[in-house]
Amino acid sequence: MSLPADTGAPSASLGLGPTDRRRELIQRLGELRSARVLVCMDTSTSGPTPGTTRHIFEHLRSLPGRPHNRVALVLFHGEQRPRDPEVMHEGLDHALRCMNLLREFTREVEVLVPSAAFGVGTFLAIGADRLLMHPLGTLGRIGAASGLASARHFLSLLREAGIDPQQIEHRGLERIVEDIGPARLGEARYAIERLHYGVRELVNGRARYRQEAQNEALFDALIDDACPLAHPLDRRRAKDLLALPVESMDGELETILWALFASYERALGLGAAGVSASPDAPVRALIESSGMCHAYLPESGEQVSGWMRITDGELH
């Protein structure tokens, strides 16, 4: 038995809870931010869920009042465990495509992070004109951000041990090349260059102008030996270390954002911390706006994986 694309199904069977309540939260969030709200959640650990961009387009096209002055993107992206540079390339390309698509429909893009926004979520947060993070909101976990860090730290240890540069060159680098391989080192170096290029493109695409000096902290973080982007970053460090355009939230906005996120936890199979997802969760990814909802169901039994539309009648 296969699942046809964009078929309707009862939301209760997906663990999504009362859809009218989510719609009210989305509408109130839009009122508070003077924006059209789009919720994008993805728990995939192996790269962006296929077909996401197409469904984001469908939602943007359906939102009333085009072109929009502002779109508020509520994000959740779980950790992508593979550290393969190819996963980073795929995630960065996806983020660039999504951000450029959003800017086809709106003047300003703001990102709201209630919980984890790792990998792709962090790239999208970097490209946002405004970034609003819940106290539990977290960025980072970009595997390629650590790129050549292992090699750099290994060489530093050799220097600290008193081995002269010639010995480092003949012993250290030769051993690294032997163990890792020149092709793999080349891939890692390319991943770092690609990361630099992609981040600059995201920053340069912002509608709200920021002084170049304000972005230097972000670019410095890409080459910092401590690799801050490879680790979880709360909103204070996102603002202080990366100089991202983080803005504060009042109590009502914070409450509504968390309530909206919590309404998806069961469907996405999230734990109490809202970070790890169960492989048995009924939904792997979800996109929702005020009048439309799409969910991506993983393969289960005779059901093949694919996107499913929860119809307007079921939403309301």
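**Notebook: aromatic rings and their neighbours**

I began with Arg200, whose charged end sits over the ring of Phe219, 3.7 Å from its centre. For a charge over a ring I took NZ of Lys or CZ of Arg within 6 Å of the ring centre and within 35 degrees of the ring normal.

A note on the model: it is predicted, local features need pLDDT of at least 70, side-chain atom pairs count only at pLDDT 80 or more, and totals for chains, interfaces and linings use all residues. Residues are numbered from 1 along each chain as its sequence is written, and side-chain values use heavy atoms, with hydrogens and water left out.

Next I searched the whole structure for aromatic pairs and found four. Rings of Phe, Tyr and Trp (its six-membered ring) pair if their centres lie within 6.5 Å; planes under 30 degrees apart are stacked, over 60 edge-to-face, the rest tilted.

I looked up Phe76 and Phe261: with centres 5.7 Å apart and planes at 35°, the pair is tilted. Phe76 belongs to strand β2 (residues 68-77) and Phe261 to helix α10 (residues 251-268), so the pair ties together parts 185 residues apart in sequence. Helices (H or I, at least four residues) and strands (E, at least two) are DSSP runs, numbered from the N terminus. Are Phe76 and Phe261 buried or exposed? Both are buried (under 20% relative accessible area; exposed is over 50%, partly exposed in between, with a 1.4 Å probe and protein chains only). Ring pairs also join Phe76, Trp258 and Phe261 into a cluster.

My last stop was Tyr296 and Trp307, an edge-to-face pair at 5.5 Å centre to centre and 70° between the planes. Tyr296 and Trp307 are both buried.
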